[in-house]
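Work through the exercises below with the sequence and the coordinates open. Try each task before reading its solution.

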Amino acid sequence: MLAVLAVPDRAPRVLGVDEFAFRKGCTYGTVLVDVEAGRVVDVLPDRTSETFATWLTEHPGVEIICRDRATAYTKAVKEAAPNALEVARIVGTCCRTCPPRWRRPATSTAPACAGWPGPRR
């Protein structure tokens with residue numbers, strides 16, 4: 001999959017950041033998405049602040065970063081892209097990447113992704 005990605009020299013203007021499991025419960029990575037284009041721009045081998053900060057330094061130009069509330073991502077943004085606007089996603093809200101079976105109707109008082117098992121920590 002990584003061979004297919006054409007990683008840009010500059011970061012997209014709006015960058016989405018989230019973790020995913022290479023192997024659930026054992027090995028996690030970070031997926032970087034161009035939110036405006038709706039495409040993956042890179043996949044990082046882990047979810048550490050150092051790796052993400054290095055990527056941000058090597059790919060300048062991000063203006064808005066949409067991320068979850070992971071402290072590693074917060075730290076990386078403060079170090080490598082301090083002028084970027086951070087938009088923190090609230091855990092439990094639904095997005096297009098949330099599997100349909102975990103979604104709840106928007107009118108429900110239950111968390112939007114109530115069935116989502118969430119990342120193991």
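**Exercise 1.** Is Thr74 buried or exposed?

*Solution.* The model is a predicted one. Start with the relative accessible area of Thr74, which is 18%. The cut-off for buried is under 20%. Thr74 is therefore buried.

Thr74 sits in helix α2. Then list its contacts, leaving aside neighbours within four places in sequence: Arg67 and Glu86. Finally, take a C-alpha distance. Thr74 and Ser49 are 25 residues apart along the chain, and their C-alpha atoms are separated by 7.9 Å.

**Exercise 2.** Determine the order of helices and strands along the chain.

*Solution.* Count the elements: 2 helices and 5 strands. Now read along the sequence. The pattern is β-β-β-α-β-α-β.

Take contacts between residues at least 6 apart in sequence; 40% of them join residues at least 24 apart. For the surface, the chain exposes about 7,500 Å². Carbon and sulfur atoms supply 56% of that area. Of the 121 residues, 32% are buried.

**Exercise 3.** Describe the largest nonpolar core and find the element with the largest share of it.

*Solution.* The core has 18 residues. Those touching the most other members are Leu15, Leu32, Phe52, Trp55, Leu56, Val62 and Ile65. Sort the core by element. At least two residues each come from β1 (14-23), β3 (39-44), α1 (49-58) and α2 (71-80). Helix α1 gives the largest share, 4 residues.

Now take Leu56 and leave aside neighbours within four places in sequence. Its contacts are Leu15, Val62, Ile65, Ala76, Val77, Ala80 and Ala81.

**Exercise 4.** How many aromatic pairs does a search of the whole structure find? Classify their geometry and the burial of their rings.

*Solution.* The search finds 2 pairs.

- Step one: Phe20 and Phe22 have ring centres 4.7 Å apart and planes at 65°. Edge-to-face requires an angle over 60 degrees, so this pair is edge-to-face.
- Step two: Phe20 has 26% relative accessibility, so it counts as partly exposed. Phe22, at 48%, also counts as partly exposed.
- Step three: Phe52 and Tyr73 are 5.7 Å apart centre to centre, with 80° between the planes. This pair is edge-to-face too.
- Step four: Phe52 lies in helix α1 and Tyr73 in helix α2, 21 residues apart, and the pair links distant parts of the chain.
- Step five: Phe52 has 1% relative accessibility, so it counts as buried. Tyr73, at 1%, counts as buried as well.

**Exercise 5.** Which residue lies over the face of Tyr28, and at what distance from the ring centre?

*Solution.* Check the charged groups around the ring. Arg47 lies over the face of Tyr28. The distance to the ring centre is 3.9 Å.

**Exercise 6.** Where does pLDDT stay under 50?

*Solution.* Begin with the average: the chain has a pLDDT of 77, and 65% of the residues score at least 70. Go on to the helices and strands. Confidence is highest in α1, at 96. Strand β5 (residues 85-88) is lowest, at a mean of 87.

Over residues 104-121, pLDDT stays under 50. The model still has 29 contacts beyond four places in sequence for those residues. Where pLDDT is low, predicted coordinates should not be read in detail.

Key
Residues are numbered from 1 along each chain as its sequence is written. This is a predicted model: local features need pLDDT of at least 70, side-chain atom pairs count only at pLDDT 80 or more; totals for chains, interfaces and linings use all residues. Side-chain values use heavy atoms; hydrogens and water are left out. A nonpolar core is a set of buried Ala, Val, Leu, Ile, Met, Phe, Trp, Tyr and Cys residues joined through side-chain atoms within 4.5 Å. Buried means under 20% relative accessible area, exposed over 50%, partly exposed in between (1.4 Å probe, protein chains only). Contact means heavy atoms within 4.5 Å. Rings of Phe, Tyr and Trp (its six-membered ring) pair if their centres lie within 6.5 Å; planes under 30 degrees apart count as stacked, over 60 as edge-to-face and the rest as tilted. A charge sits over a ring if NZ of Lys or CZ of Arg is within 6 Å of the ring centre and within 35 degrees of the ring normal. Accessible areas come from the Shrake-Rupley method with a 1.4 Å probe; for residues, only the protein chains shown count as cover. pLDDT is the predictor's confidence in each residue, from 0 to 100.
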